[in-house]
Amino acid sequence: MTDMHHEEHTEVAGLLLAAGGGRRLGGRPKALLEHRGRPLVEHAAGVLRAAGCVRIHVVLGAQAEEVRARAELPGCVLVDNPGWAEGMGSSLRAGLASLEGTGVRAALVSLVDQPGIGPAAVARVLGAYEDEKSLVSAAYDGTRGHPVLFGAAHWADIAATATGDRGARAYLKGHESGIRLVECADVAEPYDIDTEADLRHLE
């Protein structure tokens with residue numbers, strides 16, 4: 001895999017949701033699953049950086065202290081979400097709250113358990129950013145997936161509707177006509193690492 005150098009983006013922050021407890025993986029936090037000899041959270045943060053995100057915020061939850069101790073995340077802002085067990089919505093809220101006041105105009109949200117989505121797909125979504133009103137989503141054969149990019153103009157409403165494991169799904173459903181879809185099936189695979197069987201995807 002050639003490491004393409006993508007343009008650096010100072011207006012868009014990478015927001016990595018890495019708080020999950022891996023309930024179906026025997027309670028192993030997903031951030032610490034091993035991929036290429038390192039914790040998965042390191043790989044996921046590296047993907048955001050390789051795609052051009054200069055500012056990266058990582059939301060931690062399950063075994064956050066152990067993740068901090070074992071994962072090397074230089075230059076990342078680590079955000080603790082004590083309410084992580086409520087689901088992804090609470091981590092998205094914590095992450096967006098941590099970006100308030102930073103001056104960034106959009107958040108590119110990625111999930112720690114999707115190592116099949118690499119810098120090429122992330123850079124495509126990043127490249128579709130225009131301003132704080134932007135709503136962009138990767139698509140896989142036309143089906144919406146991650147990463148998604150939310151302009152800052154949407155953050156308050158997303159935070160207000162992000163409950164349980166729904167994350168921003170409800171908000172995106174209500175704003176479907178305004179979402180720019182960026183097809184990524186040719187450069188990425190959007191599988192999740194959720195179950196023991198999914199661990200075969202890890203290297």
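Biologist: Where does isoleucine 117 sit?

Modeller: Isoleucine 117 is in the loop between E6 and helix H4 (119-127). Helices (H or I, at least four residues) and strands (E, at least two) are DSSP runs, numbered from the N terminus.

Biologist: Before we go on, what kind of model is this, and how are residues numbered?

Modeller: This is a predicted model, with residues numbered from 1 along each chain as its sequence is written. Local features need pLDDT of at least 70 and side-chain atom pairs pLDDT 80 or more, while totals for chains, interfaces and linings use all residues; side-chain values use heavy atoms, leaving out hydrogens and water.

Biologist: Back to isoleucine 117. Buried or exposed?

Modeller: Isoleucine 117 counts as buried because its relative accessibility is 8%. Buried means under 20% relative accessible area, exposed over 50%, and partly exposed in between (1.4 Å probe, protein chains only).

Biologist: What is isoleucine 117 in contact with?

Modeller: Leaving aside neighbours within four places in sequence, its contacts include Val47, Tyr140, His146, Pro147 and Ala188. Contact means heavy atoms within 4.5 Å. Also, the C-alpha atoms of isoleucine 117 and valine 187 are 7.9 Å apart, although 70 residues separate the two along the chain.

Biologist: What is the peptide bond from histidine 146 to proline 147 like?

Modeller: That bond is cis, with omega near -5 degrees. Proline 147 belongs to strand E8.

Biologist: How much space lies in the largest cavity?

Modeller: About 110 Å³. Grid points are joined across faces, edges and corners, and the volume is the space filled by probe spheres set on the points.

Biologist: Which residues are closest to the centre of the largest cavity?

Modeller: Val47, Ser110, Leu111, Gln114 and Ile117, out of 13 lining residues. H1 gives the largest share of that lining, three residues. By class, the lining has nine nonpolar, four polar and no charged residues. Here Ala, Val, Leu, Ile, Met, Phe, Trp, Tyr, Cys and Pro count as nonpolar, Asp, Glu, Lys and Arg as charged, and the others, Gly among them, as polar.

Biologist: And the largest pocket: how much space lies there?

Modeller: The largest pocket holds about 1000 Å³. Its lining has 35 residues, and Lys30, Met88, Leu111, Asp113 and Asp165 lie nearest the centre. E8 contributes the most to this lining, five residues. The classes are 14 nonpolar, 10 polar and 11 charged.

Biologist: What order do the strands of the open sheet take?

Modeller: The seven strands run E5-E4-E1-E6-E8-E7-E9, with mixed pairing. Strand E5 (76-80) and strand E9 (180-183) are the edges, each pairing on one side only. From one strand to the next, the twist averages 25 degrees. Two strands pair if DSSP finds at least two bridges between them.

Biologist: What does H1 touch when it packs on the sheet?

Modeller: H1 touches strand E1 (12-18), strand E4 (56-60), E5 and E6, and its direction makes about 165 degrees with that of E1. Axes are lines fitted to C-alpha atoms, for helices over the stretch in contact, and angles run from 0 to 180 degrees between N-to-C directions.

Biologist: How do strand E7 and E8 pair?

Modeller: Strand E7 (residues 135-140) and E8 are antiparallel, over five bridges. Leucine 135 stands opposite phenylalanine 150 in E8.

Biologist: Last one: what is the phi of aspartate 141?

Modeller: Aspartate 141 has a positive phi, about 50 degrees, though it is not a glycine. Aspartate 141 lies in the loop between E7 and E8. Its relative accessible area is 68%, so aspartate 141 is exposed. Glutamine 63 also has a positive phi, about 45 degrees, and is not a glycine. At 39% relative accessibility, glutamine 63 is partly exposed.

Technical notes: 1 Å grid on protein atoms, 1.4 Å probe; cavity = no way out; pocket = protein on both sides within 12 Å on 5 of 7 lines; lining within 4 Å.
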